[in-house]
Number of protein chains: 2
Amino acid sequence: MGLIVQKYGGSSVADAEAMKRVASRIVATKKAGHSVVVVVSAMGDTTDELIDLANQITPLPAGRELDMLLTAGERISMALLAMAIKNLGFEALSFTGSQAGVITDSKHGRARIIDVSPGRIQEALNQDAIAIVAGFQGISQDTKDVTTLGRGGSDTTAVALAAALEADVCEIYTDVDGVFSADPRIVPTARKLKSVTYEEMLELAASGAKVLHLRCVEYARRFNLPIHVRSSFSNLEGTWVVADQPEGGNMEQAIISGIAHDKSEAKVTIVGVPDRSGVAARIFQSIADADINIDMIVQNVSAAATGLTDISFTLPRTEGSKATGIVQKLQGEIGFQSIQYDDQIGKLSLIGAGMRSHPGVTATFFAAMADAEVNIEMISTSEIRISIVCRQADLKRAVKAAHSAFELDADQVEAVVYGGSGR
Amino acid sequence: MGLIVQKYGGSSVADAEAMKRVASRIVATKKAGHSVVVVVSAMGDTTDELIDLANQITPLPAGRELDMLLTAGERISMALLAMAIKNLGFEALSFTGSQAGVITDSKHGRARIIDVSPGRIQEALNQDAIAIVAGFQGISQDTKDVTTLGRGGSDTTAVALAAALEADVCEIYTDVDGVFSADPRIVPTARKLKSVTYEEMLELAASGAKVLHLRCVEYARRFNLPIHVRSSFSNLEGTWVVADQPEGGNMEQAIISGIAHDKSEAKVTIVGVPDRSGVAARIFQSIADADINIDMIVQNVSAAATGLTDISFTLPRTEGSKATGIVQKLQGEIGFQSIQYDDQIGKLSLIGAGMRSHPGVTATFFAAMADAEVNIEMISTSEIRISIVCRQADLKRAVKAAHSAFELDADQVEAVVYGGSGR
């Protein structure tokens, strides 16, 4: 007997049949005695189709109007889902982001939630109805315009609503059975994790694991809201994302929870940079001003003879040409020798709260890489993460080697991957 | 220099190309120095496709959720149209029915407008922007739920907004060049009318002419708002719907403005009804209680010998079986002999404010019918209309004969029919 917020992505409600399956699952939760709020994404490829339509009109659609357009997608899915639930004999009411009280700033296409005032949702729950809420959207505080939350938006809506309603759990339904110790497509013996901490999940999300988006995990951590990541295609228990590993969990707690990998980055190296103070700041400020997120940075010790050093950094490959263009413009001012651009890199990250109390993780890891003949090009660490950059061609081999080195392999294949992913 | 409200139906914005064409036309009006508010319907067949989706989920979708679903249609078209206008270098902002202040009652699927508070539209106009408003939709006063206005809804939205904004004219763009003296598909020499009065347009709409819906004409008459019905595919002047024929118009004013016809009705005859007071009231009250609109009613003088009479009435054919079922149930109580049902009828209506001051219209009309060998089965008249019911097979011949008898034929073919029609 509690309040459960469930989020279903686009692939879970891709057509009428899928919609009816989801409705049955929601009704089963309701029948079990819980109050239920459902956050839903647009059906299947609807969002892409709407973007296509916009691009037929103009290559650069205005943000306000694009948000108005895209929010039609969730409007369709939430109304249909409410109909499907009512058809099973249970009361259901659909609400737009605005009606659900999701108040955001005015940054169209990537609005941030400022406040959630779910008065109408609470009212619906008081009347014993199931509330269906459009994910991904809100209304701006200043201009009262419709906004969208950008990537991972529906997950964020679900967690934000769950926090505001003080729900017992936010269930994120997806097309995999949970969070795995590595990508099952690369490591078939990857284990499904029973639970991970918010910190671990944040590092996993930031390191390329695509199950949950960074923003929604940050939101859940701030409000200490448990997330349960599970499959909409099975009834299996999934992965819990919580503040601390459950009691007794430490006994069997692995040092490393999981291994994430990322092939979407590129590396920029600025060769022969004069080693004087302020130069690195100048470069990275210019890049930050262009709204480009940099991931790892490495600067070598400068050669005594020349006073010159090399600076390398990684960034999303999609930002590559923009970033090199910005650096190029600084050549006259700074006086470096040349720029190298490399989009054949791969990143591997080892993540685990357990490594805090276990020295020797780095040694074990590097030994495994050496055995697998993987050359490490860059290294970056946090308290619960070690990331390396290697050749993209070596990445699969590196992931498998690390997974085995930390004894993460399951006795049998656990993962089933069901379909595409929602937003 | 005035304020013009333009309404474009679904066929005018069926795809990206059509949308761009409409955008150019809107911008041309703006360039001419006018303030412009645009009401737009859903693109092409979007509404039907959404209804199909709903029917895949349930045969009886809940009204509230169906309205939520269908309003996604205008949301898509209005956002795209705003993008197309901005792409031409003019500021445009789209607004939902709710944002535009269209306040309705709570009757989902056929809501009536209670009030229009277009504060945000006025604000957009003050900022020199073109306001794009979703047709067909509003928000209920009591429950703050999204509602739709039912048939002819977008026309009604346009006229209601124009009235609230005190616009100079409401231009209704459609796929014909205006209102014609008869359906050009039946009478190729039908004339485009330069203007008709609200009264005439109401009678035309009620008698089967599909260019404008009854509701929007009633609304325009109440606020004395001029409507200009014209084609979105040409730049021709269309037909003005106004309070009075323009000055001097009387000189060349025809007695009859137009001839409407309707093949969508059926006739029910109750045979051998006891001719005592209260019987007809009992029958028609029962039918009215079932929300069925009756059109014409004829009761014969009762035969002296039997004290029995026949009562005939016409109604939309779609309501036929429901109405006969209701009457059947009254047989025991009233004691009539039998029910006859006839769905092979056609209705022809002669409409013209001029007939008020011209006696002999009826005689000319009946003579034309007799010459054309059309048998008149029922007759109904108002101050500016004469309607008859005949065999459906005779209807075309009857329309042509009446058109000629009142000298309505143009010297040449004026009408061009361009495509499907919006809602």
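Modeller: Two residues are in contact if their C-beta atoms, placed from the backbone, lie within 7 Å. Please note that this is a predicted model.

Biologist: Which residues is Leu81(B) in contact with, leaving aside its neighbours within four places in sequence?

Modeller: By that cut-off, Leu81(B) has as contacts Val13(B), Met19(B), Val22(B), Ala23(B), Val38(B), Val40(B) and Ile132(B). Leu81(B) and Ile132(B) are also among the members of the largest nonpolar core that touch the most other members, and this core holds 251 residues.

Biologist: Why does Ile259(B) count as buried?

Modeller: A residue is buried if 20 or more other C-beta atoms lie within 10 Å of its own. Ile259(B) has 31 such neighbours and therefore counts as buried.

Biologist: Where does Ile259(B) lie, and what is in contact with it beyond four places in sequence?

Modeller: Ile259(B) belongs to strand E13 of chain B, which covers residues 258-262. Its contacts include Ser181(B), Ala182(B), Leu350(B) and His403(B). Leu350(B) stands 91 residues from Ile259(B) along the chain, yet their C-alpha atoms are separated by 4.8 Å.

Biologist: What makes the relation of chains A and B that of a two-fold axis?

Modeller: Chain B is superposed on chain A by a rotation of 180° with 0.0 Å of shift along the axis, at an RMSD of 0.1 Å. The same surface serves both copies, since 100% of the contact residues of chain B recur in chain A.

Biologist: Which residue of chain B comes closest to the rotation axis?

Modeller: That residue is Ala72(B), whose C-alpha is at 2.4 Å from the axis.

Note on methods: Residues are numbered from 1 along each chain as its sequence is written. Chains are lettered from A and ligands numbered from 1 in the order in which they are written. This is a predicted model: local features need pLDDT of at least 70, side-chain atom pairs count only at pLDDT 80 or more; totals for chains, interfaces and linings use all residues. Copies are superposed by least squares on the C-alpha atoms of residues with pLDDT of at least 70 in both. A nonpolar core is a set of buried Ala, Val, Leu, Ile, Met, Phe, Trp, Tyr and Cys residues joined through C-beta atoms within 7 Å. A residue is buried if 20 or more other C-beta atoms lie within 10 Å of its own, exposed if 12 or fewer, and partly exposed in between; C-beta atoms are placed from the backbone. Helices (H or I, at least four residues) and strands (E, at least two) are DSSP runs, numbered from the N terminus.
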